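Please look at the model shown here and follow the briefing below, which goes from individual strands to the contact between the chains.

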2 protein chains.
Amino acid sequence: MSLLAVGTVAIDSIETPLGKAERVVGGAATYIAWAASYFTDQIRILSIIGEDFPQPELELLKSKGVDTEGIHLIKGGKSFFWSGRYSTDMNSRDTLETQLNVLADFAPDLPSAYKNSKYLMLGNLTPAVQMSVLNQMESRPDIIAMDTMNFWMDSAMGELLEVIKRVDILTINDEEARQLSGQQSLAKAARDILKMGPKYLIIKKGEHGALLFDNDQVFFAPALPLYDVFDPTGAGDTFAGGMMGYLSQKGELSFSNLKTAIIYGSAMASFCVEEFGINKLKELTDEEIKIRLKKFIDLVHFEL
Amino acid sequence: MSLLAVGTVAIDSIETPLGKAERVVGGAATYIAWAASYFTDQIRILSIIGEDFPQPELELLKSKGVDTEGIHLIKGGKSFFWSGRYSTDMNSRDTLETQLNVLADFAPDLPSAYKNSKYLMLGNLTPAVQMSVLNQMESRPDIIAMDTMNFWMDSAMGELLEVIKRVDILTINDEEARQLSGQQSLAKAARDILKMGPKYLIIKKGEHGALLFDNDQVFFAPALPLYDVFDPTGAGDTFAGGMMGYLSQKGELSFSNLKTAIIYGSAMASFCVEEFGINKLKELTDEEIKIRLKKFIDLVHFEL
């Protein structure tokens, strides 16, 4: 049942039209782990941090059953730092500053207990690091999902394609799907990307929901229309965490399970954006999640 | 069961990345009537055309049971003409030319048989013309829907608000909803627009589907991911036509019926964009429509 989340554990400074958050905890693996923690208690994080990372935040993760042995602390180092400012409509953002810091030398070394994880979520990182993790696994995980971004398509396409070839599920956004396939139509993009190896492709469209494709079927998960979006940071990672958390619980990878999994992911992402950083993800109850999932049924249910 | 469609009957020249169509039949009322014709045979069009309008196209509408008595022919006049070019992603378009022609003097005069229509679809036109139609009705239609656009918000907001006050269903796109309400969040925009009078608001998001709001509920109808979109022209009017065609068949206006109605609208719109102009809408079979509707169920159905 063990889920290994690989990705950044970082510090972010975020500015949106509705406020600011200075030096708060962020990073793909953080969001993935928090979201998944509501559905499985066997989560492991592989990442790297500096001495500036707030220890109480790691303790909090541990208290949720997350194994942090694989979060490598570099003495005297500084954690990966990102700061950004969102546009008025929140659909785009400018990066104000990126400090790689300890991430620059991240050569992942898997604790031996991690090497038999049954489920693997490769968060957005350089494809070389993603590949290194794949190569260190003792047995192939039952389900491997990966996230990536346009930056790696521009700078390391060859390596990226090698990783994509080896995963079950690829999650990217609509612009990235167009860039990766060279197709304008998302249906055609999906057809072409599935030929690159993954069994399933998830195209994330932010406030417009997400599409799931395999070679024969397509499924659409809507985003919940919210009164206020405070901070979109981490929504994609939270989506991935909710999805993989559900799949870890379910065990089997099928189109049907994956449909439900991305509804779980969408529900967790809808919470994530309601407060800054990971704040909302820290305080959810199972009852709140159940009510939120029910809203997704109401949102799309109709009778012919 | 009679449905009155008010709007342009026009001639369009269209350029998209996939081709060109020169001087083809278009106009809001044309698309509305064609889409609705698959669900009701009591359709009436109120519009105005010039002598350049191809008569066989009117005969074709008549053969589908559409009453064209209210399409006023101006001797020696020229029909409303629009030409435009779509961007590569088809999400925006430039108007190359607009000739109002006979539309400039359109002062609608309802044939007496039209004045008791039970269902009314006010296509996008100047609010003064929409209001004149409302005022000529002998009894209030059971269901009144209207479409409009940002142009009238810029140039005739006062009159527009007077029309909006009197309708049951308002259909606009996301940018127009933001403009009309001054709200960035579509959920807040809907809350505020519903205070302006309509019972239901439909926000059209093109390739991202459509949202339906009343004061308590929200429903989302997806757009079908298509391999090729040949021409988005008329998709919004086709959506409205499918929706009103279904509602005319059903009779009663309820949130539940409206949910199904906008799935019908979305299905008809998905056909519309697959060929240039109204070509695809002319040749559908009931079986094709049934299969397409079923695809919308598959697209969003999941189990928790």
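S12(A) and S13(A) form a hairpin with five residues between them, and within the turn Gly206(A) has a positive phi of about 60°. Strands, like helices, are DSSP runs numbered from the N terminus (E, at least two residues, for strands; H or I, at least four, for helices), and two strands pair if DSSP finds at least two bridges between them. This is a predicted model, in which local features need pLDDT of at least 70 and side-chain atom pairs count only at pLDDT 80 or more, while totals for chains, interfaces and linings use all residues. Residues are numbered from 1 along each chain as its sequence is written, and chains are lettered from A, with ligands numbered from 1, in the order in which they are written.

**Strand S12 and its partners**

- S12(A) is joined by four bridges to strand S13 (residues 210-213) of chain A, the two running antiparallel, and Ile203(A) has Leu211(A) in S13(A) as its bridge partner.
- Strand S11 (residues 169-173) of chain A pairs with S12(A) in the parallel sense over five bridges, where Leu170(A) has Leu201(A) as its bridge partner.
- Five of the five residues of strand S12 (residues 200-204) of chain A are buried, so the strand is largely enclosed by the rest of the structure; a residue is buried if 20 or more other C-beta atoms, placed from the backbone, lie within 10 Å of its own.
- Tyr200(A), Ile202(A) and Lys204(A) are buried on one side of S12(A), and Leu201(A) and Ile203(A) on the other, so that both faces are covered.

**The four-stranded sheet**

- An open sheet in chain A has four strands in the order S3-S2-S7-S8, with mixed pairing.
- Strand S3 (19-26) and strand S8 (93-99) of chain A stand at the edges with a single partner strand each, so one side of each has no neighbour in the sheet.
- Strand S2 (residues 10-16) and strand S7 (residues 81-86) of chain A pair in the parallel sense over five bridges, and Ile11(A) stands opposite Phe81(A) in S7(A).

**The two chains**

- Chain B is superposed on chain A by a rotation of 180° with 0.0 Å of shift along its axis (RMSD 0.0 Å), by least squares on the C-alpha atoms of residues with pLDDT of at least 70 in both.
- That is the relation of a two-fold axis.
- The contact takes 28 residues from chain B and 28 residues from chain A, two residues being in contact if their C-beta atoms, placed from the backbone, lie within 7 Å.
- H11(B) gives the most to the side of chain B that touches chain A, with four residues.

Methods
A residue is buried if 20 or more other C-beta atoms lie within 10 Å of its own, exposed if 12 or fewer, and partly exposed in between; C-beta atoms are placed from the backbone.
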